[in-house]
Amino acid sequence: MAPIAVGDAIPDGTLAYLDEENKPQSVSIHSLSAGKKVIIFGVPGAFTPTCSLKHVPGFIERAEELKGKGVDEIICISVNDPFVLNSWAKTFPENKHVKFLADGSAKYTHALGLELDLTDKGLGIRSRRFALLVEDLKVKVANVEGGGEFTISSAEDILKAL
């Protein structure tokens, strides 16, 4: 399957999170994105060095600036279960705007064409690192990294595109 690209409509899919009572909930990506300007960024895994030290903090630190440029939602997707993602989100107490959503079986990541097979490293199927700028379900910017790179999918890269 070809990776999602500029001009494509994002597929719908169901992602998971924990509510305030730590109960698993699900949400449709279309319900969060229809009629809105959203950033969807994906990381290979919670608690991993680049994701925890660079990728996620960049979006948290620049969230107000992104919102000021018309972004309605900032969504972080990782191929982890919602319990892991909830614990990871708590390591960013300054976060006010980034939603952490779990794609436990990589179904949505696969629908985007952005899965990364790290089975040989003992990590299974993960997500490629990416950042999408989506307006009313259409991809306006698709910054998809190769391998373990972190060169084009930062919050700063999305700000430049806005």
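Me: Why is cysteine 51 called buried?
Reply: In this predicted model, cysteine 51 has a relative accessibility of 1%. The term buried applies under 20%, so cysteine 51 counts as buried at 1%.

Me: What makes cysteine 51 a position of note in the UniProt entry?
Reply: The unreviewed UniProt entry lists Cys51 under "active site". Such an annotation may be inferred rather than shown by experiment. In the model, cysteine 51 is placed in helix α2.

Me: Which residues does cysteine 51 touch, not counting those up to four places away in sequence?
Reply: With contact taken as heavy atoms within 4.5 Å, cysteine 51 touches Val43, Pro44, Gly45, Val56, Pro57, Trp88 and Arg129.

Me: What makes the largest nonpolar core a core, and which of its residues touch the most other members?
Reply: A set of this kind consists of buried residues of the nonpolar types joined through side-chain atoms within 4.5 Å. The largest one has 27 residues, and Ile39, Phe41, Phe59, Leu66, Ile74, Trp88 and Phe100 touch the most other members. Elements giving two or more residues to this core include β3 (37–43), β4 (73–78), β5 (98–102) and α4 (82–89). Helix α2 supplies the largest share, four residues. In soluble globular proteins, nonpolar side chains tend to be buried together.

Me: Which contacts does phenylalanine 41 make, leaving aside neighbours within four places in sequence?
Reply: Phenylalanine 41 is in contact with His55, Val56, Phe59, Ile74, Ile75, Cys76, Ile77, Val98, Phe130 and Ala131.

Me: How do you know that leucine 116 and arginine 126 are in contact?
Reply: Arg126 is among the residues that leucine 116 touches, together with Gly124, Ile125, Ser127 and Arg128. Contact requires heavy atoms within 4.5 Å. The 5.0 Å between leucine 116 and arginine 126 is a separation of C-alpha atoms, for residues ten apart along the chain. Leucine 116 is itself found in strand β6 (residues 115–118).

Me: What makes up the lining of the largest pocket, by class of residue?
Reply: The lining divides into twelve nonpolar, two polar and two charged residues. There are 16 lining residues, and Leu18, Asn86, Ala89, Lys99 and Phe100 lie nearest the centre of the pocket. Helix α4 gives the most, with four residues. The volume of the largest pocket is about 330 Å³.

Me: What makes up the lining of the second largest pocket, and which element gives the largest share?
Reply: The second largest pocket holds about 240 Å³ of space. Of its 14 lining residues, Pro44, Thr48, Leu118, Leu123 and Arg129 are closest to the centre. Helix α2 contributes the largest share, three residues. By class, the lining has six nonpolar, five polar and three charged residues.

Me: Why does alanine 106 count as buried?
Reply: Alanine 106 has 6% relative accessibility. The limit is under 20%, so alanine 106 counts as buried. Alanine 106 lies in the loop between β5 and α5 (107–112). The phi of alanine 106 is near 65°, a positive value in a residue other than glycine. Most residues other than glycine have a negative phi.

Notes
Residues are numbered from 1 along each chain as its sequence is written. This is a predicted model: local features need pLDDT of at least 70, side-chain atom pairs count only at pLDDT 80 or more; totals for chains, interfaces and linings use all residues. Side-chain values use heavy atoms; hydrogens and water are left out. Buried means under 20% relative accessible area, exposed over 50%, partly exposed in between (1.4 Å probe, protein chains only). On a 1 Å grid over the protein atoms alone, a cavity is a set of points where a 1.4 Å probe fits but cannot get out, and a pocket is an open set with protein on both sides within 12 Å along at least five of seven lines; lining residues have an atom within 4 Å of a point. Grid points are joined across faces, edges and corners, and a volume is the space filled by probe spheres set on the points. Ala, Val, Leu, Ile, Met, Phe, Trp, Tyr, Cys and Pro count as nonpolar, Asp, Glu, Lys and Arg as charged, and the others, Gly among them, as polar.
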